[in-house]
Amino acid sequence: MIFIVVKFNVKPEWSERWMDLVADFTEATRAEPGNLWFDWSRSVDNTNEFVLVEAFQDDAAEAHVNSDHFKKAMADMPQALVETPHIISRQFEGSGWDRMGELTIA
């Protein structure tokens, strides 16, 4: 799978509207064949930072970045951003989350 984490530093005036801005993009991406997850979080330390954790089956990422909704999101997002987002993108074996061995709840 391809595992991606992206940090978005949003302008303060967009902080409360960010999720509305990315709502259609999120819904369309989650509906893509090969999307494993596409989950947003907000930093507890910086209310203007949103973190996107996403994963795709190996053969699905190219279709994602070539989709119309991806291209539209890339055109819409810059107006709300302070800087270029930071990204980590890696390919791993597997197809989902594993259980944390150091903390097992019975």
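**Rings and pocket**

Tutor: In this predicted model, a cluster is formed by Phe8, Trp18, Phe25, Phe38, Trp40, Phe50 and Phe70, which ring pairs link.

Student: How many aromatic pairs does a search of the whole structure find?

Tutor: The search finds 11 aromatic pairs.

Student: Why is the pair of phenylalanine 3 and phenylalanine 92 called edge-to-face?

Tutor: The ring centres of phenylalanine 3 and phenylalanine 92 are 6.1 Å apart, and rings pair if their centres lie within 6.5 Å. Their planes stand at 70 degrees, and planes over 60 degrees apart count as edge-to-face; the pair is therefore edge-to-face.

Student: What makes this pair a tie between parts apart in sequence?

Tutor: Phenylalanine 3 belongs to strand E1, and phenylalanine 92 to the segment after strand E4 (86-91), so the pair ties together parts 89 residues apart in sequence.

Student: Why does phenylalanine 92 count as partly exposed?

Tutor: Its relative accessibility is 42%. Buried means under 20% and exposed over 50%, so phenylalanine 92 counts as partly exposed.

Student: How do you know that the charged end of arginine 17 sits over the ring of tryptophan 14?

Tutor: The charged end of arginine 17 is 3.9 Å from the centre of the tryptophan 14 ring, and the distance criterion is within 6 Å.

Student: Which residues lie nearest the centre of the largest pocket?

Tutor: They are Ile4, Val6, Glu54, Phe70 and Ile87, of 16 lining residues. Elements giving two or more residues to this lining include strand E1 (2-9) and helix H4 (68-76). By class, the lining has 14 nonpolar, 1 polar and 1 charged residues.

Key. Residues are numbered from 1 along each chain as its sequence is written. This is a predicted model: local features need pLDDT of at least 70, side-chain atom pairs count only at pLDDT 80 or more; totals for chains, interfaces and linings use all residues. Side-chain values use heavy atoms; hydrogens and water are left out. On a 1 Å grid over the protein atoms alone, a cavity is a set of points where a 1.4 Å probe fits but cannot get out, and a pocket is an open set with protein on both sides within 12 Å along at least five of seven lines; lining residues have an atom within 4 Å of a point. Helices (H or I, at least four residues) and strands (E, at least two) are DSSP runs, numbered from the N terminus. Ala, Val, Leu, Ile, Met, Phe, Trp, Tyr, Cys and Pro count as nonpolar, Asp, Glu, Lys and Arg as charged, and the others, Gly among them, as polar. Rings of Phe, Tyr and Trp (its six-membered ring) pair if their centres lie within 6.5 Å; planes under 30 degrees apart count as stacked, over 60 as edge-to-face and the rest as tilted. Buried means under 20% relative accessible area, exposed over 50%, partly exposed in between (1.4 Å probe, protein chains only). A charge sits over a ring if NZ of Lys or CZ of Arg is within 6 Å of the ring centre and within 35 degrees of the ring normal.
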